[in-house]
Amino acid sequence: MTQAFYRKWRPQKWDEVLGQGHVTQTLQNALVGDRVGHAYLFAGPRGTGKTTVARLLAKAVNCQHEDVTQRPCDECQYCKAVNENRFLDMIEIDAASNNGVEDVRDLRDKINFAPSQGQFKIYIIDEVHMLSTAAFNALLKTLEEPPPHAIFILATTEIHKIPATVLSRCQRHEFRRVPVESIVQQLKIIAEGESLKVDADAMQLIARQASGGMRDAISLLDQLASIGDKITLDLAQTVLGAATSETVLELVDAVRDEDPGAGLQSIHQALDAGSDPRQLARQIVDYLRALMLFQMGNETQVDATQTVKNRMKIHASEFSASAVLRMMRAFNAAAVEQRGGWQPSLGLELALADVLEIQDDAALAPVSETRTTPKKKSAPKAEVKRTQAPEPAPVQKTEASPKSAGEPTSQAQISTKEVMAVWKEIRARVKESDRNLEALLNSCKSLEVKGDTLILGMASEVLAEKIEKTESVETTQKAVNDVLGVILNIKCMVTNSKGRMPADVDQNGLVAAAIQAGGEIVDG
Ligand SMILES: Nc1ncnc2c1ncn2[C@@H]1O[C@H](COP(=O)(O)OP(=O)(O)OP(=O)(O)O)[C@@H](O)[C@H]1O
Ligand SMILES: [Mg+2]
Ligand SMILES: [Zn+2]
């Protein structure tokens, strides 16, 4: 019924394309100077405007506006036909769908017929790197001698897979990641056009999360818009941000603590929850860059929420500058290399291994207090392991450990396991009256029933506070009661999946022990 934002907001004019001025300017100059080529290759990351610019060019070369600088005019019959996807002389081929051999053959058969509507036939071949060798060879023949009325636009995210013979016949344009400011600019336009209320720092967060991909940013906005009528930073963090940035923080903690088990655990959890390994690696590099800026006293240039900045400040003091640099190199390799192709986590794992080896080098990281603090490896874990049910019921998709089934105390009417088993249902109940609260509950990292209290572990203070608001507690309580028929008190605490406990939580209590054990399960 409703069209996805990113389609609805596809730029229709040159100046609506953001962050690719080097490409659009060259193409506009060629148009005005009547020097449009016959074969273009648009290369660059996903969702940065390749298809968009290809369609703009298709419109512009056929546009009937008398002033060439005004093309595409978006008003003549051909511009309109392209916009409405009914322009016969723009042929889009998706090489990813069937290796393209048939399509390319078909193209070769028909290419010599004159355009049926406009002046030029435009062939847009998306994901051209997916063409089979046979298809590439067929394409090559046409690229060698294209008829004057044909323009080819090949688009790819993986330029290194394009045969040199094809490269040499195309004018190449490199699309770049779209800068954060430009993404924010576009998100503002869309938010306004869609009458959405979006906090400025929520937009910043969305833009940063997208790592330069405009379509990703717009899709994230779309996703958030479907959850709440007001998109606040909290909501954005809950739904998209918190989990990932927490992974980065955990990973840096793990390096500091020289704890490979914890490091691997955070990597695998993030990937299991659907993070893209290279994107995660990029986020780690971004974070490390920020640490470097802190170390150089340029923290004003750091673009992050206050909460994250506080953590950065501490991390910046815990590593030497050269240690940060070497970490950056290691994770940057994971961000750019293809080596993880068949084993997605490999690049990150190797980076972590590199970095931890570096940590052995006494010349590097300063010995901070944390390094001499013994790691939490003590009796309570072992105890909890024994009391655990053999297979804790996994409930949440994005669930982080601990998956402890805990053990109800004698007077408890209901066990952790029972709550976990119906957690989805409880959330569904909550969702009926409060979607934001449901999103918050979905981001909760652990749950534990102690006596008649349900304790929720949240990734941050902000999130915990939100749930502890009276009306949220009541809603949650009611949902629990509806599903399980018991009234539980609801308490929140801050934890991370490694199970660091705030000082005021009973360190010897069952919850503390269970959460610590959570960090240990994967280690073992
Ligand atoms: N540079 C940009 N400026 C403004 N909007 C953009 C830009 N790039 C992408 N978009 C938005 O993202 C959507 C998708 O972009 P497009 O299809 O052009 O990406 P692409 O580079 O072809 O991606 P893919 O490699 O996945 O095919 C567009 O409809 C538009 O809404
Ligand atoms: Mg495309
Ligand atoms: Zn026109």
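Helix 23 (residues 461-468) lies across strand 9 and strand 10, running at about 170° to strand 10.

Me: Before I look further, what kind of model is this?

Reply: It is a predicted model.

Me: How should I read the sheet, and in what order do its strands stand?

Reply: Strands of a sheet pair through backbone hydrogen bonds, either parallel or antiparallel. Here three strands form an open sheet in the order 8-9-10, and the pairing is mixed. Strand 8 (446-450) and strand 10 (489-494) each have a single partner strand, so one side of each is left without a neighbour in the sheet. On average, neighbouring strands of this sheet are turned by 25° against each other, direction ignored.

Me: Do strands 8 and 9 run parallel or antiparallel, and how many bridges join them?

Reply: Strand 8 and strand 9 (residues 453-458) run antiparallel and are joined by five bridges. Within this pair, S446 stands opposite G457 in strand 9.

Me: Turning to ligand 1, how many residues surround it, and which are the closest?

Reply: The shell around ligand 1 consists of 24 residues, the closest being R10, G49, K50, T51 and T52. By class, nine residues of this shell are nonpolar, nine are polar and six are charged.

Me: Which helices and domains supply the shell around ligand 1?

Reply: At least two residues of the shell come from each of helix 1 (5-8), helix 3 (50-62) and helix 11 (214-225). Domain 1 (5-174) and domain 2 (180-231) each provide at least three residues of the shell.

Definitions and conventions
Residues are numbered from 1 along each chain as its sequence is written. Chains are lettered from A and ligands numbered from 1 in the order in which they are written. This is a predicted model: local features need pLDDT of at least 70, side-chain atom pairs count only at pLDDT 80 or more; totals for chains, interfaces and linings use all residues. Two strands pair if DSSP finds at least two bridges between them. Helices (H or I, at least four residues) and strands (E, at least two) are DSSP runs, numbered from the N terminus. Axes are lines fitted to C-alpha atoms, for helices over the stretch in contact, and angles run from 0 to 180 degrees between N-to-C directions. Two residues are in contact if their C-beta atoms, placed from the backbone, lie within 7 Å. A residue is near a molecule or strand if its C-beta atom, placed from the backbone, lies within 6 Å of it. Ala, Val, Leu, Ile, Met, Phe, Trp, Tyr, Cys and Pro count as nonpolar, Asp, Glu, Lys and Arg as charged, and the others, Gly among them, as polar. Domain bounds come from an automatic or database domain assignment.
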